[in-house]
Amino acid sequence: MLSIENLKEYGADVEEGLTRCYNNEEFYLKLVAMILDEPSFGALKKAIEDNDLTAAFEAAHGLKGVTANLALSPLRDPVIEITELLRSRTEMDYGPLMTRIDEAYKRLEELIRE
Amino acid sequence: MLKELNESARKRRILVVEDEAINRLMLGNIISKNYDVVYACNGQEALGILNEEKDTLSLILLDLLMPVMDGFTFMGEIRKDEQLKKIPVVVLTSEEDAEVDSIRLGAMDFIRKPYNNPEVILARVERIIELFEDRQLINRVEYDETGLLTRDFFIEYVQQMDSIDKEDRDLIAVNIGRFSLINEIYGRKQGDKILRITADALKDFLAEHQGLACHLDADQFFLYCRKLENTDDLLKIENDVSVNGEIPNTRLRFGILRDSSKETETEKRMNSAVFACNTLRNNFSKNIAFYDQKLHDDEIMADRLLGDMDRALAEREFKVYLQPKFDIRGDKPHIVAAEALARWKHGKLGMISPGQFIPLFEKNGLVRKLDYCIFEETARIIREWKEKYGCAIPVSVNISRVDLYDKSLKEKLLEIIARNGLEIKDINLEVTESVYMDDDDDIIKRIADLRDTGFDIEMDDFGAGFSSLNMLYSMPIDALKLDMKFARTIDTDRKQYYVVKCIVDFAGYLGVKTICEGVENKEQYEAMKQAGCDLVQGYYFSKPLPEEEFETYIKELKEGLC
């Protein structure tokens, strides 16, 4: 079950996230769990596969905002990285970066679904 | 700021426009500590909410990158609207570059993403709202010399009160009867004193009923207060003004808009209250009136009709309907003339009753244009009869009082007659009785001149006012049209019958024909015939007909007479 301890182990900056929620743990955990309903992760993956850098930027930007507000550092950091590359529409192999994002997302997903 | 506003002004409303649900809820949770929050997922949804609730919103927190309509487009849209652009916008962004563009589009400030400490966000939001409300009020004078709110402040505070709670309130327009006379008789100083006393009385009233009072200008005041259980409380205001102002019988008028709707703009509501108040202008038996939607709709309709008149003339929406006049002197009534009546087939509103537009046009002097139009159309119809059937009957056209002020009236009518190849006897002129009673020599001379030129003059509505029989020999008249009130009871009221018979006989001695209008049944017709009336017109014989239908009579005439 998703808990503050689990998120700490995951590497999230829980203090920061909780501050934004007036230290209401229940509310914070509810928001973290909602990330599975966020369409931006799926949209980013698909846009990268289609090599649609504009759509990929928009999705990455959205995901960045959410992960940064929730202070989910392991996911947030590679997402910030890819957002900046996509902002300038850099033509490159996004595979390795997407793998990092994918792994961080899946770890989080497991925590939520546990 | 007013005490009452301060007491309950805590919960202002903020619209959060953000497409990411997590961010939306997080921000909403932060600000809901001190504010009511409304949410939208994108610019378009936000515009929809603004249109419904713009009066109740104090701030918009706006994300920039959103599907459907982004934040930049949204700001561009609200800048186009005078009302919407008054609501301050704070942009939610993680991009420094976007800040410059946002400022250009009118954003007041930024909240950085990821969000700061909630207390910092709250403080920022509070500061922006305060700043903005202060800015709105700066450079304006809050109270005038009577000590009441000025117009702009009143409107502002009414809106703020409405955004705070949904309590039903009355908006009351107050003005002082005969105020200009008070100024004139007792002097300006006394007039100003009455204004101050009225303001004080309104303040005393508010001490009990809570709300706002405004002095708009001259003797126009407004109250915005809790719904009144008993309007007698307003009479106490009047009594205070009368006693303290030392002018006996000073009257106040009160126009009340009940349960003043929060949906409507404040200025519109003020107009409605004034509208109610104005209905009391010539009423000396009461001084409180409630706003009546129907009355107001009538006023709006009148405005619309006046505005539409020129277009309707250009697009030929005014139609001539013809009502036949029958000669009843012989064994069998037969058609000898007709009256042209104006009908308006409005492009959007359909058929409009002449009772609705003719008095309106008469009041505004526009009836002149209509009269010429009807005269012109009538001339065309008669010309077409002559061309088609080789015969016609005289048609009478109404001439209004304003037409008779026109020195070139005769020339204009003769020009139309000549242009259509008609003779003067083809068109008769009907002039209403009240014109003769004005005692205006110039007007009577002009009627006499038209008669001398060859027009048959019919005095319309004879008996509707206070006409006198001696007018029949002192005025230029060829025929007398008895007002329809005579026909209404001639068959049942013997006295009325003798009145008609007397008029008919007297007119007969002077060689003036009598025409009776409004004959609706056989009994009325027979009584008129017995009284010796020459011609009749009315539903018993025929209602007014469009020209195509009326043409049947001309065809029959041709077969019988021509």
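Trainee: Is Lys203(B) buried, partly exposed or exposed, and what is its relative accessible area?

Mentor: Lys203(B) is partly exposed, with a relative accessible area of 37%, where buried means under 20% relative accessible area, exposed over 50%, and partly exposed in between (1.4 Å probe, protein chains only). This is a predicted model, in which local features need pLDDT of at least 70 and side-chain atom pairs count only at pLDDT 80 or more, while totals for chains, interfaces and linings use all residues. Residues are numbered from 1 along each chain as its sequence is written, chains are lettered from A and ligands numbered from 1 in the order in which they are written, and side-chain values use heavy atoms, with hydrogens and water left out.

Trainee: With which residue does Lys203(B) form a salt bridge?

Mentor: Side chains of opposite charge can pair when their charged atoms come close. The rule asks for a side-chain nitrogen of Lys or Arg within 4 Å of a carboxyl oxygen of Asp or Glu, and the partner of Lys203(B) is Asp200(B), with the closest N and O atoms 3.7 Å apart. Both residues lie in helix α9 (residues 188–209) of chain B, three residues apart, about one turn of the helix; helices (H or I, at least four residues) and strands (E, at least two) are DSSP runs, numbered from the N terminus. Asp200(B) is partly exposed, at 39% relative accessible area.

Trainee: Which parts of chain B does the salt bridge of Lys481(B) and Glu430(B) tie together?

Mentor: The side chains of Lys481(B) and Glu430(B) meet at 2.8 Å, N to O. Lys481(B) lies in strand β17 (residues 479–482) and Glu430(B) in strand β15 (residues 427–432), so the pair ties together parts of chain B that are 51 residues apart in sequence. Lys481(B) is buried, with a relative accessible area of 0%, and Glu430(B) is buried with a relative accessible area of 0%. Both belong to a network of salt bridges that also links Lys325(B), Glu339(B), Glu458(B) and Glu517(B). Over all chains, the count of salt bridges comes to 53.

Trainee: How many aromatic pairs are there over all chains?

Mentor: A pair of aromatic rings is described by the distance of the centres and the angle of the planes. Rings of Phe, Tyr and Trp (its six-membered ring) pair if their centres lie within 6.5 Å, and planes under 30 degrees apart count as stacked, over 60 as edge-to-face and the rest as tilted. The count comes to 18 aromatic pairs over all chains. For Phe318(B) and Trp344(B) the centres are 4.7 Å apart and the planes at 40°, so the pair is tilted. Phe318(B) is in strand β11 (residues 318–327) and Trp344(B) in strand β12 (residues 334–346) of chain B, 26 residues apart, and both are buried.

Trainee: What is the geometry of the pair formed by Tyr540(B) and Phe541(B)?

Mentor: Tyr540(B) and Phe541(B) are edge-to-face, at 5.1 Å centre to centre and 75° between the planes. Ring pairs link these two residues into a cluster that includes Phe326(B) and Trp385(B), and Tyr540(B) is partly exposed, with a relative accessible area of 33%.

Trainee: How many salt bridges does the rule find across the interface of chain A and chain B?

Mentor: The rule finds zero salt bridges there. The contact, meaning heavy atoms within 4.5 Å, takes 21 residues from chain A and 19 residues from chain B.
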